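Hi everyone, thanks for coming.

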Amino acid sequence: MPLNVDLHSHSNRSDGALAPAQVAARAHANGVAYWALSDHDDLSGLAEAADAAAGLGLAFIAGVEISACFAGRTVHVLGLHVDPASAPLDRNLAGLRDQRASRAQQIAQRLSDCGIPDALDGALQHAANPALIGRVHFAQFLCDAGRAKSLRHAFQHYLGEGRPAFVPMRWASLEQAVAWIRLAGGTAVLAHPGSYRYPPLHETALLDAFKAAGGDAIEVITWAHTHAQAARYAQLARHYGLKASCGSDFHAPGVGRVDLGGLPDLPDDLTPVWRGWPEFDGSS
Ligand code: AMP
Ligand code: MN
Ligand code: MN
Ligand code: MN
């Protein structure tokens, strides 16, 4: 039987709800054998996650999900098996965290212009790690304030692309994100490609650029993908000679369609991104 592998998850060091040790416990309880924590633009949860996983006998991979730009949109690049103590990686991510702080002020200003005051303080109430203030924290504030029925609704009405409180960002370039990951000894995985909604030519350009930059794998199986998208990205992984990854993108209990460890297996013929990693026992 294939191992249950989940290489994409978030803690409250970014926009997840649980502390890193709680995410480890949930992964273990859900039968995950091989787990990565991959918070947005931040490495500060990895030591706690590694300790907790070791206590549970859960194989742990240090990860990070880097905010990057391609063709005017935000894309996410997962760095898996990075050195969690890499000073250059943390320095580069610190630049993204600074951008988050100034973006948060602009989001709050835009919400204030919409007649919603005190959003920065309100969002910070939800951010266990204030350096990682993000749109989910604003969405939580908007729900509290009775301005949105759900996180999804908050994105649809205020925070999503093109909505009144959306602030366009120039994150890392795709090439920078891949280079930072590789310099920290990691493997670069294009996260949830089905969620970017590029026109077909731009998507081809994205995959060409990712491959050319030294990207290693595509996230084929993830909660954001339909069956048809998983099949499509499996085909693109074959076409580009990229490995394949699998991760729930867990943020919080009850949020999203799948929980930690709840995903189907990768198609048999794809090369799993984790093949050959030392923590992996070679049984898949
Ligand atoms: P940020 O990195 O602060 O711009 O926020 C991006 C995060 O917002 C993603 O990682 C998701 O966790 C969350 N997100 C994006 N779109 C939506 C949506 N439509 N509904 C709920 N959460 C979303
Ligand atoms: Mn997130
Ligand atoms: Mn993402
Ligand atoms: Mn994610």
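Let me start with Arg135: a polar atom of its side chain lies 2.8 Å from an oxygen atom of ligand 1. When I say polar contact, I mean a pair of N or O atoms within 3.5 Å; within protein, one must be able to donate a hydrogen and the other to accept it, and residues adjacent in sequence count only if both atoms are side-chain atoms. Taken alone, ligand 1 exposes 500 Å², and the protein buries 73% of that; the areas come from the Shrake-Rupley method with a 1.4 Å probe, and for residues only the protein chains shown count as cover.

A word on what you are looking at. This is a predicted model, where local features need pLDDT of at least 70 and side-chain atom pairs count only at pLDDT 80 or more, while totals for chains, interfaces and linings use all residues. Residues are numbered from 1 along each chain as its sequence is written, chains are lettered from A and ligands numbered from 1 in the order in which they are written, and side-chain values use heavy atoms, with hydrogens and water left out.

Helices here are DSSP runs of H or I with at least four residues, strands are runs of E with at least two, and both are numbered from the N terminus.

Now to the metals. Which residues hold the manganese ion that is ligand 4? They are His8 (NE2), His10 (NE2), Glu65 (OE) and Asp249 (OD), at 2.1 to 2.2 Å. Donors are N, O and S atoms within 2.8 Å of the metal (3.2 Å for Na, K and Ca), and water is not among the atoms, so sites may look incomplete. Along the chain, the donor residues of ligand 4 are spaced H-x1-H-x54-E-x183-D. Glu65 sits in strand β3 (residues 59-70) and Asp249 in the segment after β8 (243-247), so this pair links parts of the chain that are 184 residues apart.

Keep an eye on Glu65, please. The manganese ion that is ligand 3 has Glu65 (OE), His76 (ND1) and His192 (NE2) as its protein donors, 2.1 to 2.2 Å away. His192 lies in the loop between β6 (187-190) and α8 (200-213), so with Glu65 in β3 the pair ties together parts that are 127 residues apart in sequence. As for the manganese ion that is ligand 2, 4.7 Å separate it from ligand 4, and 5.6 Å separate it from ligand 3.

Glu65 is buried because its value is 0%, His192 is buried at 8%, and Asp249 counts as buried at 10%.

One last stop: Ser248, in the segment after β8. Ser248 counts as buried, at 1% relative accessibility. Its side chain makes a polar contact of 2.7 Å with the side chain of Asp6, and the Ser248 side chain also reaches the backbone nitrogen of Phe250 at 3.2 Å.

How values were computed:
Buried means under 20% relative accessible area, exposed over 50%, partly exposed in between (1.4 Å probe, protein chains only).
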